[in-house]
Amino acid sequence: MALRKPVLAGNWKMTKGPTETVGFFADFLNAWMPRDDRTVVFFPSDVSLAAALDATADRPDVLLGVQNVHWERSGAFTGETSVGMAADAGAKLVLVGHSERRHVFGETDGETAKKVRAVLDGGLIAVLCVGETIGERRAGDAEAVVRRQLAAVLPVVSAQEVERLVVAYEPVWAIGTGETASPADAGAMHRVCRDALAQAFGREAGDAVPVLYGGSVKPDNAAELLREPGVDGVLVGGASLDPAGFAAICGAAAG
Ligand code: PGA
């Protein structure tokens with residue numbers, strides 16, 4: 001299943017249990033009417049996925065995913081969720097390698113590759129997050145870091161599977177900080193991602209992969225970021241927690 005661009009995705013991180021999830025969707029689905037010229041996705045907590053699925057049962061235009069998986073199919077991995085379990089619970093997408101997974105939980109490039117492989121084996125869509133820290137940017141290494149993160153993963157994706165790959169460029173220094181990459185900086189890094197995708201899969205297949213921007217996207221800056229050539233959508237943390245605000249972001253993209 002290829003996603004329709006633009007892709008507007010909300011990453012709820014460790015917020016909203018089932019009760020708040022139901023309340024959120026009651027408001028959001030009132031504020032956001034189905035449109036077939038874009039894809040709207042939420043990544044709730046695993047414990048709220050069933051509530052989200054229930055609340056969106058009449059809205060197949062809203063897709064759901066999980067924020068993390070383990071690469072093994074099952075076993076003694078306390079606290080972890082497998083791709084098969086996530087798929088069974090209704091997830092269509094999986095975030096892989098979010099900067100908090102990498103920097104708070106120490107996830108490596110190698111583990112990120114194993115997770116993407118597992119997501120594709122399980123038939124779901126992998127949203128691979130990449131991005132540099134402020135230190136790496138100041139050192140002039142932003143491009144090299146993102147190329148390295150992509151190079152660790154793209155070789156495990158086959159040409160047949162590339163339509164189930166999404167890349168999210170999220171500079172770590174812009175996540176949850178209120179600082180956003182300028183549209184021009186975001187555009188430059190999106191070209192780096194696009195280039196790596198074209199090298200791995202050829203120009204046409206590489207161009208078809210949605211490349212999202214993430215990092216302090218808000219209702220008042222979404223439109224200009226989404227206008228930047230090569231920005232195929234946004235991955236939104238804090239501002240996706242507010243139903244009206246996220247509906248405004250979903251509407252900010254040109255169709
Ligand atoms: P933020 O988070 O929008 O709160 O900066 C983005 C993300 O972590 O995906």
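Which residues does Glu228 touch, not counting residues up to four places away in sequence? The first legend answers this, after a short note on the model.

**About the model.** This is a predicted model, in which local features need pLDDT of at least 70 and side-chain atom pairs count only at pLDDT 80 or more, while totals for chains, interfaces and linings use all residues. Residues are numbered from 1 along each chain as its sequence is written, and side-chain values use heavy atoms, with hydrogens and water left out.

View 1. Glu228 touches Pro183, Ala184 and Gly187, not counting residues up to four places away in sequence, where contact means heavy atoms within 4.5 Å. Glu228 lies in the loop between α10 (222-227) and β8 (233-236); helices (H or I, at least four residues) and strands (E, at least two) are DSSP runs, numbered from the N terminus. Because its relative accessibility is 18%, Glu228 counts as buried, a word that means under 20% relative accessible area, whereas exposed means over 50% and partly exposed means in between (1.4 Å probe, protein chains only). His190 has its place in helix α8 (residues 183-201), and it is buried, with a relative accessible area of 2%. From C-alpha to C-alpha, Glu228 and His190 are 9.6 Å apart in space, although 38 residues separate them in sequence. Not counting residues up to four places away in sequence, His190 touches Tyr169, Val211, Leu212, Tyr213, Gly230 and Val231.

View 2. Of the 13 residues around the ligand, Lys13, His98, Glu170, Gly176 and Ser216 come nearest; a residue is near a molecule or strand if one of its heavy atoms lies within 4 Å of it. The shell around the ligand divides into four nonpolar, seven polar and two charged residues, where Ala, Val, Leu, Ile, Met, Phe, Trp, Tyr, Cys and Pro count as nonpolar, Asp, Glu, Lys and Arg as charged, and the others, Gly among them, as polar. An oxygen atom of the ligand is 2.7 Å from an N or O atom in the side chain of Lys13, and an oxygen atom of the ligand is likewise 2.7 Å from an N or O atom in the side chain of Glu170. A polar backbone atom of Gly237 is 2.8 Å from an oxygen atom of the ligand. Taken alone, the ligand exposes 280 Å², and the protein buries 97% of that; accessible areas come from the Shrake-Rupley method with a 1.4 Å probe, and for residues only the protein chains shown count as cover.

View 3. Most residues other than glycine have a negative phi, and most peptide bonds are trans. Phi of Lys13 is near 50°, a positive value in a residue other than glycine. Lys13 lies in the loop between β1 and α1 and is partly exposed, with a relative accessible area of 23%. Ser216, which is not a glycine, also has a positive phi, of about 55°; Ser216 lies in the loop between β7 and α10 and, at 8% relative accessibility, counts as buried. A cis peptide bond, with omega of about -5°, joins Lys5 and Pro6, and Pro6 is found in the segment before β1.

**View 4. Lys16 in its loop.** Lys16 lies in the loop between β1 (7-11) and α1 (18-31), and it is buried, with a relative accessible area of 11%. Leaving aside its neighbours within four places in sequence, Lys16 is in contact with Thr21, Phe24, Ser45, Ser48 and Leu241. The side chain of Lys16 reaches the backbone oxygen of Leu241 at 3.0 Å.

View 5. Strand β2 (residues 39-43) runs parallel to β3 and is joined to it by three bridges; two strands pair if DSSP finds at least two bridges between them. Strand β7 (residues 211-214) also has both faces covered, with Val211 and Tyr213 buried on one side and Leu212 and Gly214 on the other. Strand β6 (residues 165-169) pairs with β7 in the parallel sense over three bridges, and β7 pairs with β8 in the parallel sense over two bridges.

Methods. Polar contact = N/O pair within 3.5 Å; in protein donor to acceptor, adjacent residues only side chain to side chain.
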